[in-house]
Amino acid sequence: MAATETAERTRRHAPASRTQDETKHALKTTEFLAMVGVIAAILIATAVSDSLNDVRAWTLVAAVSIGYIVSRGLAKSGSKYFGDEDPVKRDDR
């Protein structure tokens, strides 16, 4: 009798299994929108200003992009993939 009560209690209080990824898709994050906005601002400032040359602007764009890539990598580090497709063997649909 005690074994069935323990099994029932364990089943009732067991956490539901995760069925989705821990982090959002990259296009759904505010970091992506912020990166696009900052890159647009840099390129507009380059077109308007005489003091910001092309080389410096593209260096800033590269730095912003690298920062975004590193932040997404840190956000996804340690999270498991819960999708229904195999990430290595994807079919092109």
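Biologist: How many helices and strands are there in the protein chain?
Modeller: This is a predicted model, in which local features need pLDDT of at least 70, side-chain atom pairs count only at pLDDT 80 or more, and totals for chains, interfaces and linings use all residues. Residues are numbered from 1 along each chain as its sequence is written, and side-chain values use heavy atoms, with hydrogens and water left out. Helices (H or I, at least four residues) and strands (E, at least two) are DSSP runs, numbered from the N terminus. From the N terminus on, the elements run α-α-α, and the counts are three helices and zero strands.

Biologist: What share of the residues of the protein chain counts as buried?
Modeller: Buried means under 20% relative accessible area, exposed over 50%, and partly exposed in between (1.4 Å probe, protein chains only). The protein chain has 93 residues, and the buried share is 12%.

Biologist: What distance does helix α3 reach from its first C-alpha to its last?
Modeller: Helix α3 covers residues 54-76, which is 23 residues. The expected span of a helix is 1.5 Å times one less than its number of residues. For α3 the expectation is 33 Å, and the span in the model is close to it, at 33 Å.

Biologist: Which residues of α3 are buried, and what does their cover include?
Modeller: The buried residues of α3 are Ala57, Val61, Tyr68 and Arg72. What covers these residues includes residues 30-48, that is, helix α2.

Biologist: How are α2 and α3 oriented to each other?
Modeller: Axes are lines fitted to C-alpha atoms, for helices over the stretch in contact, and angles run from 0 to 180 degrees between N-to-C directions. The axes of α2 and α3 lie 9 Å apart, at an angle of about 175°. Angles under 35 degrees count as roughly parallel, over 145 as roughly antiparallel, 65 to 115 as roughly perpendicular and the rest as oblique. The two helices are therefore roughly antiparallel.

Biologist: Which six residues form the largest nonpolar core?
Modeller: A nonpolar core is a set of buried Ala, Val, Leu, Ile, Met, Phe, Trp, Tyr and Cys residues joined through side-chain atoms within 4.5 Å. The largest one consists of Met35, Ile39, Ile42, Ala57, Val61 and Tyr68. At least two residues of this core come from each of two helices, α2 and α3.

Biologist: Is Ala57 buried or exposed?
Modeller: Ala57 is found in helix α3. Its relative accessibility is 1%, so Ala57 counts as buried.

Biologist: What is the distance from the backbone oxygen of Ile42 to a polar atom of the side chain of Thr46?
Modeller: Thr46 is buried, because its relative accessible area is 13%. Leaving aside neighbours within four places, Thr46 is in contact with Leu52, Asn53, Asp54 and Ala57. From a polar atom of its side chain to the backbone oxygen of Ile42, the distance is 2.8 Å.

Biologist: Is Ala47 buried or exposed?
Modeller: Ala47 lies in helix α2. Ala47 and Ala57 are 10 residues apart in sequence and 9.8 Å apart in space, C-alpha to C-alpha. With a relative accessible area of 69%, Ala47 is exposed.

Terms used. Contact = heavy atoms within 4.5 Å. Polar contact = N/O pair within 3.5 Å; in protein donor to acceptor, adjacent residues only side chain to side chain.
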